Amino acid sequence: MVKISVSILAANFSQEAIDRASSADMIHFDVMDGEFVPKKTIWSDEVAELKTTLIKDVHLMIENPEEYVEEFIDAGAERIAFHVEATDNPEAVIGLIQSKGIKAGITLNPETPIEKIVDFLDSVDFVLIMSVRPGEGGQSFMNESLEKIKMIKKAYPKLEIEIDGGINAETAKLAKEAGVDTLVVGTFIFSGEPKERIRELR
Ligand code: DX5
Ligand code: ZN
């Protein structure tokens with residue numbers, strides 16, 4: 001059964017949005033520093049303040065994640081995905097996250113070739129495939145992301161694959177057929193009745 005991670009960027013990171021998404025599996029926190037991507041959103045204090053019984057699934061769209069992962073772990077992150085483009089030492093970031101008992105994920109921009117993350121797929125707990133350009137919610141799904149998913153599924157059948165961006169009822173189906181385990185969904189959830197949308201995606 002596919003897991004649903006609700007991105008609250010689409011709902012201005014409100015506690016009310018989290019409460020409405022309580023039938024999901026995870027809450028997806030899109031952290032942007034205004035450097036790795038132009039937009040600035042939340043930081044570890046908001047991740048700490050926002051309450052949920054679901055898994056806190058943190059997506060770091062920030063430069064030099066190695067400097068900050070610990071404060072996000074202290075804020076309650078149970079999974080952290082960082083961008084391979086944002087650090088010189090992905091292996092160190094993975095080790096640091098896992099040393100605290102937290103699941104480490106690696107992610108890459110749509111234009112970044114899969115070769116850039118292959119060396120780390122034996123170490124990470126999951127891989128986050130971007131199906132939109134990081135930095136904004138509400139974008140259209142990029143079909144080429146499906147190729148990356150199929151390649152990873154073939155080479156690493158046991159590795160959890162999470163997809164992020166432009167997911168709705170139609171693209172969720174394509175992602176599941178390609179082998180995805182976890183769907184990150186923002187706009188589609190909050191443009192309707194969240195519980196109904198979550199049921200539809202499952
Ligand atoms: C984009 C974020 C995504 C985005 C997904 O930078 O990483 O998580 O918020 O939202 P939708 O579902 O609106 O594409
Ligand atoms: Zn995200």
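1. A polar contact here is a pair of N or O atoms within 3.5 Å; within protein, one must be able to donate a hydrogen and the other to accept it, and residues adjacent in sequence count only if both atoms are side-chain atoms. Ligand 1 makes such a contact through an oxygen atom, 2.4 Å from an N or O atom in the side chain of Thr-187.

2. On provenance: this is a predicted model, where local features need pLDDT of at least 70, side-chain atom pairs count only at pLDDT 80 or more, and totals for chains, interfaces and linings use all residues. Side-chain values use heavy atoms, without hydrogens and water, and residues are numbered from 1 along each chain.

3. Two further ligand contacts. The side chain of Ser-7 has an N or O atom 3.1 Å from an oxygen atom of ligand 1. For His-28, a polar side-chain atom lies 3.4 Å from an oxygen atom of ligand 1.

4. Ligand 1 has 20 residues around it (a heavy atom within 4 Å). Nearest come Gly-135, Asp-164, Gly-166, Gly-186 and Thr-187.

5. The fold: eight strands (DSSP E runs of at least two residues) close into a barrel in the order E1-E2-E3-E4-E5-E6-E7-E8, with parallel pairing. Pairing takes at least two DSSP bridges. E7 (residues 160–164) and E8 (residues 182–185) pair over three bridges. Asp-164 stands opposite Val-184 in E8.

6. The largest pocket lining has eleven nonpolar, eleven polar and four charged residues; Gly counts as polar. E2 (26–32), E3 (55–61), E8 and helix H8 (187–190) each supply at least two lining residues. Helices are DSSP H or I runs of at least four residues.

Key: Chains are lettered from A and ligands numbered from 1 in the order in which they are written.
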